[in-house]
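Please read the points below beside the sequence and the model. They are arranged from the whole chain down to single residues.

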Amino acid sequence: MLEDKYMLELYFTQIDTVNLTRGQISNAESRMGKELLAYTLKAFHGIGTLPPIDISESGKPFFADHSFEFNISHSHGRVVLALSDQPVGVDIEHSGRAIPELVRRRFFKDGEATVEDWTRFESYSKLSGEGIYSAVYPPVEKDVFFKSYTISDNYVVSVCTHTDSFPLKIVKIDL
């Protein structure tokens, strides 16, 4: 692992969801997330076999050998991967998504929230491993940083880490 420089890479791919049911889309996105992870490890890090993945008590996936930290999110056929040498969380949503009033009241102090707010909250809950029902937002920790990106078809991607060093863009991978 890198000691002097923080490593954070962001990747994005898209799948064709035409003629798929909601359940089929979700299954395809999950498979594609794992394929994107395996592809980036091989193509950019020379790791030919995906390391075994374990699940924490809170449900956060991680590599059993702790070789890298990763987080995957998907929405409507778009799949995004954050790969790092430090804990990381990532979330993706369409910019036009309406945030339900119940969610806004429960998770945001003033009851107002944009899609960017929501993706930042989700990315933080994934970074912490707590999940949305346990995470406190905004974070009380001092070393939590966010960056949001807009990608194809107006999807918002937010990343949360413990450093303020972010890549300039998300790399699109066609699988």
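1. A residue is called buried when its relative accessible area is under 20%, exposed when that area is over 50%, and partly exposed in between, with a 1.4 Å probe and protein chains only taken into account. On that definition, buried residues make up 44% of the 175 residues in the protein chain. The model is a predicted one, in which local features need pLDDT of at least 70 and side-chain atom pairs count only at pLDDT 80 or more, whereas totals for chains, interfaces and linings use all residues. Residues are numbered from 1 along each chain as its sequence is written, and side-chain values use heavy atoms, with hydrogens and water left out.

2. Helices (H or I, at least four residues) and strands (E, at least two) are DSSP runs, numbered from the N terminus. The protein chain has three helices and nine strands, and in sequence order these follow the pattern β-α-β-β-β-β-β-α-α-β-β-β.

3. As to overall dimensions, the radius of gyration is taken over C-alpha atoms, and the globule rule is 2.2 Å times the number of residues to the power 0.38. For 175 residues a compact globule would have a value near 16 Å, and the 16 Å of the protein chain agrees with this. Along the principal axes, the C-alpha atoms fill a box of roughly 45 × 45 × 35 Å.

4. A contact means heavy atoms within 4.5 Å. Of the contacts in the protein chain with a separation of 6 or more, 55% are accounted for by residues 24 or more positions apart.

5. Accessible areas come from the Shrake-Rupley method with a 1.4 Å probe, and for residues only the protein chains shown count as cover. The protein chain exposes about 9,700 Å², of which carbon and sulfur atoms supply 49%. For charges, Lys and Arg count as positive and Asp and Glu as negative, while His and the chain ends are not counted; the place of a charge is NZ of Lys, CZ of Arg, CG of Asp or CD of Glu. There are 18 positive and 25 negative side chains, and the centres of the two sets lie 5 Å apart.

6. Helix α1 (residues 22-45) has 24 residues and reaches 34 Å from its first C-alpha to its last, close to the 34 Å expected at 1.5 Å a residue, where the expected span is 1.5 Å times one less than the number of residues. Its buried residues are I25, A28, E29, M32, G33, L36, L37, T40 and L41. An α-helix has 3.6 residues a turn, so residues three or four places apart point the same way. The buried residues of α1 pack against β1 (8-14), β2 (53-55), β3 (61-63), β4 (69-75) and β5 (78-84). Just after α1, G46 takes a positive phi of about 70°.

7. Within helix α1, M32 is buried, with a relative accessible area of 10%. Leaving aside residues up to four places away in sequence, M32 touches T13, I15, V79 and L175. M32 and I72, which are 40 residues apart in sequence, have their C-alpha atoms 9.9 Å apart in space.

8. Helix α3 (residues 115-128) has 14 residues, which should span 20 Å at 1.5 Å a residue, and its end C-alpha atoms are 20 Å apart, in agreement. The buried residues of α3 are V115, W118, T119, F121, E122, S123, Y124, S125 and L127, and what covers them includes β6 (89-94), α2 (101-107), β7 (145-151) and β8. Just after α3, G129 takes a positive phi of about 80°.

9. V159 belongs to strand β8 (residues 155-161) and is buried, with a relative accessible area of 0%. Not counting residues up to four places away in sequence, V159 touches L8, L10, V88, G89, V90, S123, F145, F146, K147, Y149 and F166. The C-alpha atoms of V159 and L127, 32 residues apart along the chain, are separated by 8.8 Å.

10. Some backbone details in the loops deserve a check. In the loop between α3 and β7, where P138 lies, a cis peptide bond joins Y137 and P138, with omega about 0°. H76, in the loop between β4 and β5, has a positive phi of about 50° although it is not a glycine, and H76 is exposed at a relative accessible area of 54%. D153, in the loop between β7 and β8, has a positive phi of about 55° although it is not a glycine; at 46% relative accessibility, D153 counts as partly exposed.
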